[in-house]
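Visitor: I would like to learn how to read a model like this one, feature by feature. Could you walk me through it?

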Amino acid sequence: MTILITGATGKLGRLVVEALLERGLPAEQIVAGGRNQAKLAELARLGVQVRSMDYSDPASLREAFTGVDKALLVSGSEPGPRVAQHLDVIEAAKDAGVALLAYTSIPNTDTNTMALAADHQDTERALHNSGVPHVLLRNGWYLENYTEQLDGYLKHGTVFGSAGEGRLNGATRADLAQAAAAVLLADDQAGMVYELGGEESFSLEDLAREVSAATGQAVTYQDLPEEDFSHLLVGAGVPGDFARILADSDRGIARGELLVEGNALATLLGRPATTLGEAVRASAGALATQRA
């Protein structure tokens with residue numbers, strides 16, 4: 001059995017490659033596909049096959065899928081163009097006759113009104129219409145979306161957002177990667193839909209409390225109107241279009257659209273998922289070491 005991981009030079013994709021190796025899949029049965037040649041070279045040192053591929057280059061996709069039995073389509077990072085890119089990946093998977101194509105989507109896709117959800121809705125619809133056996137991995141919000149901002153929270157003493165009292169179930173990339181690997185290695189996954197998030201939900205006020213507890217520095221949550229939050233992000237250097245998407249995502253959190261029910265992630269992991277507190281403490285420890 002040969003498994004292709006698309007976007008393997010990205011953060012999530014690489015973790016899935018590593019998770020497959022940890023779970024005992026022989027390196028020669030793993031194909032890592034991506035654009036970044038330097039990172040492909042790093043992956044090659046793990047013993048896996050590497051193939052240069054670009055979602056915008058159908059010929060490279062066809063080559064990447066040659067001889068592949070199962071594949072993971074890691075969603076593209078460019079809202080807008082990525083739907084057409086995903087369609088090309090699905091077509092390549094169909095032409096290759098893959099037994100299973102897994103796709104990293106967003107929680108509650110059927111009802112989610114976030115701007116980020118639209119591309120995932122279109123991709124899920126295309127998968128259903130393609131006839132390709134597929135499984136949907138509706139990944140919760142990365143905890144790293146918050147823990148990677150720890151330095152900024154401490155600098156300002158504030159977590160800014162526009163999510164109100166909304167709650168979400170986040171998960172680390174590493175946990176979501178392990179879940180993807182478990183699904184790819186399992187039998188009878190076609191048609192399955194996994195809503196993936198941690199067992200414990202949290203608000204952004206909870207996030208501020210966890211940062212305070214982990215660092216010993218008082219950090220509070222300041223809730224802003226969506227437009228004000230977008231302007232704040234632009235002022236911090238975030239491109240305007242992306243700032244609006246982030247602010248809209250907070251609106252989605254306020255509406256509960258990233259709140260995941262059930263324990264699918266823990267079941268796939270065979271253990272509890274990493275909590276927000278654990279992730280924040282790990283990030284705080286790494287930051288303290290960096291500053292030492």
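Guide: Let's begin with Asp188, which counts as exposed at 74% relative accessibility. Exposed means over 50% relative accessible area, buried under 20%, and partly exposed in between (1.4 Å probe, protein chains only). The model is predicted, so local features need pLDDT of at least 70 and side-chain atom pairs pLDDT 80 or more, while totals for chains, interfaces and linings use all residues. Residues are numbered from 1 along each chain as its sequence is written, and side-chain values use heavy atoms, leaving out hydrogens and water.

Visitor: Where is Asp188 found, and what is its phi?

Guide: Asp188 sits in the loop between α8 and β8 (193-196). Helices (H or I, at least four residues) and strands (E, at least two) are DSSP runs, numbered from the N terminus. The phi of Asp188 is positive, near 55 degrees, in a residue other than glycine. Asn108, also not a glycine, has a positive phi of about 55 degrees, and Asn108 lies in the loop between β5 (100-105) and α5.

Visitor: How do I read a single residue inside a helix or strand? Take Glu124: is it buried or exposed?

Guide: Check its element, its accessibility and its contacts. Glu124 belongs to helix α5 (residues 117-130) and is buried, with a relative accessible area of 4%. Contact means heavy atoms within 4.5 Å. Leaving aside residues up to four places away in sequence, Glu124 touches Tyr103, Ser105, Thr109, Leu136 and Arg138.

Visitor: What does Ile3 touch?

Guide: Ile3 is in strand β1 (residues 3-5) and counts as buried at 0% relative accessibility. Beyond residues up to four places away in sequence, its contacts include Leu20, Ile30, Lys70 and Leu184. Val98 is 95 residues from Ile3 along the chain, with 9.6 Å between their C-alpha atoms. Ala182, in helix α8 (residues 173-185), is buried too, at 13% relative accessibility. With residues up to four places away in sequence set aside, Ala182 touches Arg23 and Leu268.

Visitor: Now a whole helix. What should α13 span?

Guide: The expected span of a helix is 1.5 Å times one less than its number of residues. Helix α13 (residues 276-291) has 16 residues and should therefore span 22 Å, which agrees with the 22 Å between its end C-alpha atoms.

Visitor: Which residues of α13 are buried?

Guide: Leu276, Gly277, Ala279, Val280, Ser283, Ala284 and Leu287 are buried in α13. They lie on the same side of α13 because they cover an arc of only 160 degrees around the axis; the arc is that of the directions from the helix axis to the C-beta atoms. Ala282 and Thr289 are exposed on the other side of α13. The cover over the buried residues of α13 includes α6 (144-147), α7 (150-156) and α9 (204-215).

Visitor: How many residues line the second largest pocket?

Guide: A pocket is an open set of points on a 1 Å grid over the protein atoms alone, where a 1.4 Å probe fits, with protein on both sides within 12 Å along at least five of seven lines; lining residues have an atom within 4 Å of a point. The second largest pocket is lined by 16 residues, with Glu200, Ser201, Thr275, Leu276 and Gly277 nearest its centre. Helices α9 and α13 each supply at least two residues of that lining, and α9 gives the most, with three residues.
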